[in-house]
Amino acid sequence: MIKTIISIFIFILACCTALTSQRFDSLNDNYPIARVNCIYQDDFGFIWFGTRDGMVKYDGYSTIHYRKDINDPTSLPGQEILSIVQFSDSIMLVGLAVNGLIQFNRNTGKCSPFPNQNSFQNINVKALLKDKKNSIWIGTNRGVFKYYEGKIDHYQKEKPSLGGLLNNEIQNFFEDTDGNIWIGSIEGIHKYSYKTDKIENPITNTSFPKNSILDINKDNEGNIWISVNNNKFNFFQFYKEIDQFKPVERFQNGGEFRFVFDKDDNLWVSSDRKGVIKYTDDTSIIFSADKYKEHNFRELFTKSIVQDKYQNIWVGASDIYKLSGNKKNFKQLDTDGFQVSGLYADEEYIWYCAKEPMRWSKKTSANTPLFENPNENNYKSNIGNSSPIRMYHFEEIGDSLIFTSIDAIYIWDRNTDKAIKLPTKLEGAFRDFIKDKENKIIIAANLDNVQIYDPKANTIYPADDLKELQTACAVDISKEGLQCWGTHENGLFLFDTNLKKLSHYLPDPAKPESTLSSFNVTDVLCHTDGTIWIGTNVGLDKIDPITKQVSHYPFGTRLNNVFVSSIIEDNSGALWLGTQDGLLFLDPQKDILRRYTKDDGLLNRIYTPRACFKDAEGRLYFGGMQGIDYFHPDEIGENMIPPDLYIKSLKVNGKNYSNVVAGENIKEINLTHTDNYLEIELIGLHMSSANGNVYAYNLEPQINEYVNLGANRFITLGKLTPGKYTLNAKSANPDLKWSSPKDLLTINVKPPFWLTTWFISISILVLIGFTSFLYRSRVKALRKKESIKTEINKQIAEIEMKALRAQMNPHFLFNCLNSIKLLISNNENEKARKYINKFSDLIRQVLENSREKVIRLEEELNSIEIYLQLEQMRFKNFAYKIEIDKEIPLDFIEIPPLLIQPFVENAIWHGLMNKQNGEKVLKIIVSKNDDNIIIVIEDNGIGRKQAQLLKSGKMKKSTSLGTQLSQNRVMLYNEVFEKRISIHIFDLENPTRTRVEINIPEND
């Protein structure tokens, strides 16, 4: 390996930068950090950065930044950190510019002076090393200090011809396998031997380079390498058998180098002129600012480079960059930030549409617009000079390539390299299509009927058997000819081409486990085993090929709600899913689930629905917001290094357990009987792709089987009885390489005094005396409570019927039916159809919800939105907005049915409809305030005072009935279900508006 590196140095400048799939991540994108002077990994696995603005601790998930605080004498004494080393489990030694050396307690985050601090006043500590004998080597601008057993030895420039330092400006240390300490100064390399207690230097050994030593490291064979600031040679290797350094090869205009060898013995170099360079057996790869789109490295001047024990490469510059050690062989095609809406690939090209349809050559990396060409063949002459065309799907038929856009179908003849546009009269985008056994193209038009294109007859005609599919967006066909149609808002359709039978699948709240997870189907896949997989905006469903029953893939705790954008099957039968948060690999037979993100080298985080393709060689292509990621599943590779597992934080009864012990140092805790609620945050140190780590734990002797937490890092333990417990945990990297189970924490819970023998004996005697009395009292109280509850339930039933009648009042029904009649008489059939659909949806939801005592807030808001759409279609002179805080769990908040509608109706009819001038707006805002859910209904109408003057007696009665019923129902529900729902109505001025606030405690 080393000889190969030596030979390739000769032609480094002649080598072209190779296209690489490796991409750097900038830590500063999430955690702004000043320019980095040093990078250090401690024995636990945490990464520390010494910067010009303090010190940073990083665990793969978050950072802690330590700075100088003039008001805190225990903070860092200076801002610029030059060196860091771990002294013990609790103490880090930190070298500063000018401010010398200090001790940093990782448990408390406090600093204290280093012993014999007077020796380090007003000096720069540029290098620190803890050797195998636990001695601390301190490199300064005043020579070398060695701290051991409470003593300090000081080495300075003194008679260097007899051995010793040539210069007091020390830059770095390194300990070799024999325990020798290598010392780099600005005037050469030195070696200290414990055996002789002497320092060898360039005078006592003339082969030692006398130049400024920039870095010292070793290759995988144990050979010492140094980089020097030299116009002639930049690298020297030490040959132990002859005790001499020899130059490796001249590096022309190379600049200043820091370097590291990875586990494969590739040489990584950080340069102050070229960025980062990787040297392998046969090539070199330059990562620099001029080609950052390929690798995301934006620097030319770098300060340091380190490989951690998880095989990640860290580079310090104005940013901190990390190259993941996951070894994932993903490749990218950057589209300059334009979303890829469709793609196709063959041996020579990747065909895709981003800003416009393009064709990218795999051989030349040339990117050519499909409908513009500088040659004689101008493709736009064949299709007309239209605006940019967005393509959604590609398919191959013979020597032709068919692709669809918003309003047209194109056929590209590979022989003539020209496109033909087929005229159509359809509305909406042609989102997807398939070819059947006869090579006919069956097209899903988003806002129109399914169409069939016959290439032989060159005709397009509607599919009469599929008239119901007017919002189709995805389609696939099984080998038996079963067509699977996914729609935006109407679930899934299966069409049996042999029986001409159309089956419809929809979500059913009453049967959530055996129906579709959503109305919004994003992609469908007919698997080779006959299973039908359905991607939705909330998960992944499947239909059994025999029973045709629906089930959901149980992502469970491994991943929360998964927006599945696209699905494709690889050659092994496993599934690959493009999602809104990376790629997923799923082997349903082995129940293996893996997640890939940007940490693994992906270009995209969010992938486009249906924008995926598998070529003839089995490569998979996924289009997303930033471009295209493509790879062969067999060539991705696996990371075999499991994470190191520790406690990150520990809370008892909601409070931090300790402010004087870092989480990684917590091994045992002692609790009282009242300390019965523990929250433990785990941290799996891996750094390559921290968000892909998964966790599991058990608690002996209470929980013997391991509980799979998935990506969740929090363990909650409640109501621990007195005794001793052992918390065991383990963690796996994204490739499911598990760490060994670890005894993470010992928990001792002391019993209360009343659980002692003497107290229990006395208590038994006392309890016997009161048992009879308490029993009789309790029975009496329960009977009284049941009587009251029965009466209240009766009142609730009566008031619910009144609320239903108020909701479904004849006046509203009559107006809706009149609107439908008017639309039909005006021959506006499409609008009438939509109105009837909305009207029927509202009636169905109101009737279904009225049967329940409580419903989910999500269901109530759905009914309200349908009602608003109906009223808006009727009046067309008001606008509404519904704003919902994304953090609110709508599925878990329950309210009485038909609670909000009376206030919405009141706002429209009496607030907005009576307003003569200006914009009419109704707002419904659902927000969270502490532990309360606040529902606000606000209109900018005429206000309640003026509305009262305009109301007729009948309308006044109807209005007061609806709102008063809601008030009464809330009062009764609060009584029966022990809720704390409240309703408040406010009259607001300047401008005049009416505001209704419904307050729902979330914990209820």
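These questions and answers cover a predicted model.

User: How many helices and strands does the secondary structure of the protein come to?
Analyst: The model is predicted. The protein has 1004 residues, and 51% of them count as buried. Its secondary structure comes to 10 helices and 72 strands.

User: What share of the contacts in the protein with a separation of 6 or more comes from residues 24 or more positions apart?
Analyst: Take the contacts with a separation of 6 or more. Among these, residues 24 or more positions apart account for 55%.

User: At what angle do helix 6 and helix 7 pack, and how far apart are their axes?
Analyst: Two packed helices are described by the angle between their axes and the distance between the axes. Helix 6 passes helix 7 in a left-handed crossing. The angle is about 145°, and the axes are 9 Å apart.

User: How do the residues in the contact of helix 6 with helix 7 divide by class?
Analyst: Helix 6 passes helix 7 in a left-handed crossing. Helix 6 brings residues including Tyr835, Phe839, Leu842 and Gln845 to the contact, and helix 7 brings residues including Ile866, Tyr867, Leu870 and Met873. By class, the contact has 7 nonpolar, 5 polar and 5 charged residues.

User: Which residues of helix 6 are buried?
Analyst: An α-helix has 3.6 residues a turn, so residues three or four places apart point the same way. Tyr835, Phe839, Leu842, Gln845 and Asn849 of helix 6 are among those that meet helix 7. The buried residues of helix 6 are Ala832, Tyr835, Phe839, Leu842, Ile843, Gln845, Val846 and Asn849.

User: How far apart are the end C-alpha atoms of helix 6?
Analyst: Helix 6 covers residues 829-850, which is 22 residues. At 1.5 Å a residue, helix 6 should span 32 Å. The model agrees with that, its end C-alpha atoms being 31 Å apart.

User: How far does helix 7 reach from its first C-alpha to its last?
Analyst: Helix 7 runs over residues 857-875. It has 19 residues, with 27 Å expected at 1.5 Å a residue. Just after helix 7, Lys876 takes a positive phi of about 60°. From first C-alpha to last, helix 7 reaches 27 Å.

User: Is helix 7 roughly parallel or roughly antiparallel to helix 8?
Analyst: Helix 7 and helix 8 (residues 901-912) pack at about 20°, with axes 11 Å apart. Angles under 35 degrees count as roughly parallel. Helix 7 is therefore roughly parallel to helix 8.

User: How many nonpolar, polar and charged residues are in the contact of helix 7 with helix 8?
Analyst: The crossing of these two helices is right-handed. Glu860, Ile864, Tyr867, Leu868, Glu871, Arg874 and Phe875 of helix 7 meet Gln901, Val904, Glu905, Ile908 and Trp909 of helix 8. They divide into 7 nonpolar, 1 polar and 4 charged.

User: How many of the 12 residues of helix 8 are buried?
Analyst: The end C-alpha atoms of helix 8 are 15 Å apart, which agrees with the 16 Å it should span. Its buried residues include Phe903, Val904, Ile908 and Trp909. Helix 8 is largely enclosed by the rest of the structure, because its buried residues number 11 of the 12.

User: Is Gln311 buried or exposed?
Analyst: Gln311 lies in the loop between strand 26 (304-307) and strand 27 (313-316). Its phi is positive, about 75°, although it is not a glycine. At 17% relative accessibility, Gln311 counts as buried.

User: Is Lys719 buried or exposed?
Analyst: Lys719 sits in the loop between strand 63 (714-718) and strand 64 (723-732). Its phi is near 55°, a positive value. Most residues other than glycine have a negative phi. With a relative accessible area of 72%, Lys719 is exposed.

User: Which residue is joined to Pro701 by a cis peptide bond?
Analyst: Pro701 is in the loop between strand 61 (694-700) and strand 62 (703-710). Most peptide bonds are trans. Here omega is about 5°, and the cis bond joins Pro701 to Glu700.

User: Which residues does Arg713 touch, not counting those up to four places away in sequence?
Analyst: Arg713 lies in the loop between strand 62 and strand 63. At 12% relative accessibility, Arg713 counts as buried. It touches Tyr61, Lys648, Ile680, Glu681, Leu682, Ile683 and Tyr695.

Methods. Residues are numbered from 1 along each chain as its sequence is written. This is a predicted model: local features need pLDDT of at least 70, side-chain atom pairs count only at pLDDT 80 or more; totals for chains, interfaces and linings use all residues. Side-chain values use heavy atoms; hydrogens and water are left out. Axes are lines fitted to C-alpha atoms, for helices over the stretch in contact, and angles run from 0 to 180 degrees between N-to-C directions. Helices (H or I, at least four residues) and strands (E, at least two) are DSSP runs, numbered from the N terminus. Angles under 35 degrees count as roughly parallel, over 145 as roughly antiparallel, 65 to 115 as roughly perpendicular and the rest as oblique. A crossing is left-handed if the near helix is turned anticlockwise from the far one by less than a right angle, and right-handed if clockwise. Contact means heavy atoms within 4.5 Å. Ala, Val, Leu, Ile, Met, Phe, Trp, Tyr, Cys and Pro count as nonpolar, Asp, Glu, Lys and Arg as charged, and the others, Gly among them, as polar. The expected span of a helix is 1.5 Å times one less than its number of residues. Buried means under 20% relative accessible area, exposed over 50%, partly exposed in between (1.4 Å probe, protein chains only).
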